[in-house]
Amino acid sequence: MYTQSMHAETSTQTLFEFIRDNPLGILTTAIPSTTQPLIQSTHIPWILDTDGEPHPSNLGNAQANAGENESPPARLRGHIARQNPQSATLIEAVQSLGLPSGSYLPHETHEVMILFTSPHHHYVTPKFYTESKPATGKVAPTWNYSAVQAYGTIRVYFDPAAEETGAYLDHQIRDLSAHCEGHAMGFTGAENGRPEAWRVDEAPEGYLKVLKRNIVGLEVDVRRISGKVKMSQEKGGGDREGVIGGFKALGTQTGDVIARLVTERGEMKDRKREK
């Protein structure tokens, strides 16, 4: 991920929290296939597993040091429709190497990337730069946004008859549903004054069997991760105040969120400068 140092988020834990808050990631692969395009992307919701503490190698904007046989600092678990052409490419790649379902593709030749983005992003008009625009006129539009890119080695569970595939998909579906019901919907139960979460067991067993036959399980060992929070940190205090006021004046949820982030990131920049 290209980013200037002032926009870089280097805290691994903050990057992990961003993924949990924004679990819909775009899986991108560049794997040769005899029948499908080289570059493919699919929107997939992911569940993130971590050790609970930052990895010693500090993954932020750096290559992870984990070897092939070492536990990665994080794993992303998802699933994809079997009918998706990207599934066909992944399955073909595993089988062409003579590997069974549940195998990893070689990291050196089959690295994948998953892009996570915040829903709160926005065009920034030069009219918000209330300090530099009147003084020099040397201003240009830009876009404020936040994103995380995770790179790693992918494992593909594609054989519906394999016990390992069934166990993986059952675990992944339950964990993802529980995360989204509680974290995204806020369905945390009557003791919290909220509706009860939907549970996978509420669906008929036969339906679940059909569902699992029509999806392919994916697991990505994260080997490097980088994050960017571009929120007008490059601007001076006067222009940042103009951006904050401008977004608040929009009267939208996204405007309010970006105004808050510009404030927070600007204060972080100022604190670093004072040290």
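**Exercise 1. Count the residue pairs in polar contact between domain 1 and domain 2.**

Solution. A polar contact is a pair of N or O atoms within 3.5 Å; within protein, one must be able to donate a hydrogen and the other to accept it, and residues adjacent in sequence count only if both atoms are side-chain atoms. With both residues at pLDDT 80 or more, the count between domain 1 and domain 2 is 3 residue pairs. The side of domain 1 that touches domain 2 receives at least two residues each from β9 (122-124) and β11 (215-230), where strands are DSSP runs (E, at least two residues) numbered from the N terminus. β9 gives the largest share of that side, 3 residues.

This is a predicted model, in which local features need pLDDT of at least 70, side-chain atom pairs count only at pLDDT 80 or more, and totals for chains, interfaces and linings use all residues. Residues are numbered from 1 along each chain as its sequence is written, and side-chain values use heavy atoms, with hydrogens and water left out.

**Exercise 2. State which residues belong to each domain, and how much area the two domains bury between them.**

Solution. Domain 1 is 5-124 + 138-165 + 212-230, and domain 2 is 234-274; these bounds come from an automatic or database domain assignment. Buried area is the accessible area (1.4 Å probe) that two parts lose on being put together, summed over both. Here the domains bury about 1000 Å², 63% of it on carbon and sulfur atoms. In domain 1, the residues that lose the most area to domain 2 are His120, His122 and Val229, together 45% of what that side buries.

**Exercise 3. Find the salt bridge across the interface, then one that links distant parts of the chain.**

Solution. A salt bridge is a side-chain nitrogen of Lys or Arg within 4 Å of a carboxyl oxygen of Asp or Glu. The rule finds 1 across the interface of domain 1 and domain 2. Arg265 forms a salt bridge with Glu9, with the closest N and O atoms 2.9 Å apart. Glu219 and Arg155 also meet in a salt bridge (3.4 Å, N to O). Glu219 lies in strand β11 and Arg155 in strand β10 (residues 142-157), 64 residues apart.

Methods. Helix = DSSP H or I, 4+ residues; strand = E, 2+ residues; numbered from the N terminus.
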